[in-house]
Amino acid sequence: MLQTVWQMLRKISFAESDDLIKVQSETAAPVFDESYDQVISLLRSLATEQVVHVNGTLLPHLIGTYELLKKWGNPLELCHAGLCHAVYGTSGFELQLLTLAQRAQLREVIGDWAEEIVYFYASCDRLYVYPQIGVSESIQYRDRFTGLELVLDNAKLRQLLELTFANELELARADQAFLEHTRGSLGAMFARCEGLVSAPAFAYFKQVYGASKSENPL
């Protein structure tokens with residue numbers, strides 16, 4: 001099937017960053033994360049090792065999300081956001097480990113930019129935003145905490161989707177029931193995201209959701 005003009009343009013708009021990620025992941029030495037231990041210390045202080053989550057407890061999932069983002073060549077700020085993505089709760093995980101009034105506490109540990117990504121991810125009204133992904137040229141975002149609506153630019157959309165891929169694929173790769181349950185929802189949305197996320201992220205999606213029950217994508 002011939003690509004639409006929009007599909008062609010969105011691939012071009014992300015080509016430069018995809019090339020950079022490819023170069024980083026294939027030629028650069030792993031980036032040392034001097035803040036990692038401090039972030040883990042904060043998460044442990046928030047009892048993440050005791051919080052029940054899909055495949056066990058929350059902390060291993062947060063670490064797995066971070067590791068995927070880092071493996072895909074993302075900036076440390078986005079990786080740190082992935083490590084803390086559930087701190088304010090999300091549309092799919094209502095428990096708040098820190099309240100919105102405590103945002104400065106997280107900001108002090110991971111920095112302003114990473115904390116803003118955490119808030120942006122936590123505040124996403126998924127039921128409103130997700131159906132537009134890969135369907136609409138202009139993505140309307142709704143903040144579930146404030147009701148604020150805005151049109152996402154490419155950078156914001158890319159951050160949101162890259163983190164979403166890491167979060168959900170970290171769960172799906174280890175839980176066949178979760179994978180099959182989400183194949184028609186998350187799997188279908190992810191399939192529409194080629195060119196909207198990094199090439200390594202999209203390749204990993206195909207590996208995880210395309211794997212049979214006898215295959216292990218870890």
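Modeller: Two directions are called roughly parallel at angles under 35 degrees, roughly antiparallel over 145, roughly perpendicular from 65 to 115, and oblique for the rest. Helices (H or I, at least four residues) and strands (E, at least two) are DSSP runs, numbered from the N terminus. The model is a predicted one, in which local features need pLDDT of at least 70 and side-chain atom pairs count only at pLDDT 80 or more, while totals for chains, interfaces and linings use all residues. Residues are numbered from 1 along each chain as its sequence is written, and side-chain values use heavy atoms, with hydrogens and water left out.

The protein chain has 10 helices and four strands. Along the sequence, their order is α-α-β-β-α-α-α-α-α-β-β-α-α-α. A pair of packed helices is described by the angle between the two axes and the distance between them. Here the axes are lines fitted to C-alpha atoms, for helices over the stretch in contact, and angles run from 0 to 180 degrees between N-to-C directions.

Consider helix H2 (residues 36-45) and helix H3 (residues 58-71): their axes come within 11 Å and cross at roughly 155 degrees. H2 and H3 are therefore roughly antiparallel to each other. The crossing in which H2 passes H3 is right-handed; a crossing has this name if the near helix is turned clockwise from the far one by less than a right angle, and is left-handed if anticlockwise. Contact, here and below, means heavy atoms within 4.5 Å. From H2, the residues Tyr36, Ile40, Leu43 and Arg44 meet Leu59, Leu62, Ile63 and Tyr66 of H3. By class, this contact of H2 with H3 holds seven nonpolar, no polar and one charged residues. In this scheme Ala, Val, Leu, Ile, Met, Phe, Trp, Tyr, Cys and Pro count as nonpolar, Asp, Glu, Lys and Arg as charged, and the others, Gly among them, as polar.

A second pair is formed by helix H8 (residues 154-172) and helix H10 (residues 199-210), whose axes come within 10 Å and cross at roughly 25 degrees. That angle makes H8 roughly parallel to H10. H8 passes H10 in a left-handed crossing. On the H8 side, Glu162, Phe165, Leu169 and Ala172 meet Ala201, Phe202, Tyr204, Phe205, Val208 and Tyr209 in H10. The contact of H8 with H10 comprises nine nonpolar, no polar and one charged residues.

Ala199 also belongs to H10. Its relative accessibility of 44% counts as partly exposed; the term buried stands for under 20% relative accessible area, exposed for over 50%, and partly exposed for values in between (1.4 Å probe, protein chains only). Ala199 and Trp72 are 127 residues apart along the chain, with 8.3 Å between their C-alpha atoms.

The buried residues of H6 are Ala114, Glu115, Ile117, Val118, Tyr119, Phe120, Tyr121 and Ala122. Their cover includes helix H4 (76-83), helix H5 (103-110), helix H7 (126-129), strand E3 (140-142) and H8. Gln159 lies in H8 and counts as buried at 14% relative accessibility. Apart from neighbours within four places in sequence, Gln159 is in contact with Leu78, Trp113 and Ile117.

Thr90, in the loop between H4 and H5, is buried with a relative accessible area of 4%. Leaving out residues up to four places away in sequence, Thr90 touches His85, Tyr121, Ala122, Arg126 and Arg144.

Another loop, between H2 and strand E1 (52-53), contains Ala47. Ala47 has a phi near 65 degrees, a positive value in a residue other than glycine, and is partly exposed, with a relative accessible area of 30%.

For the whole protein chain of 218 residues, buried residues make up 48%. Of its contacts with a separation of 6 or more, 64% join residues 24 or more positions apart.

Finally, the mean pLDDT (the predictor's confidence in each residue, from 0 to 100) is 85 for the protein chain, and 82% of the residues reach 70 or more. Over residues 1-29 the pLDDT stays under 50, and the model has 32 contacts beyond four places in sequence for them. The pLDDT is also below 50 over residues 212-216, a stretch with one contact in the model beyond near neighbours in sequence.
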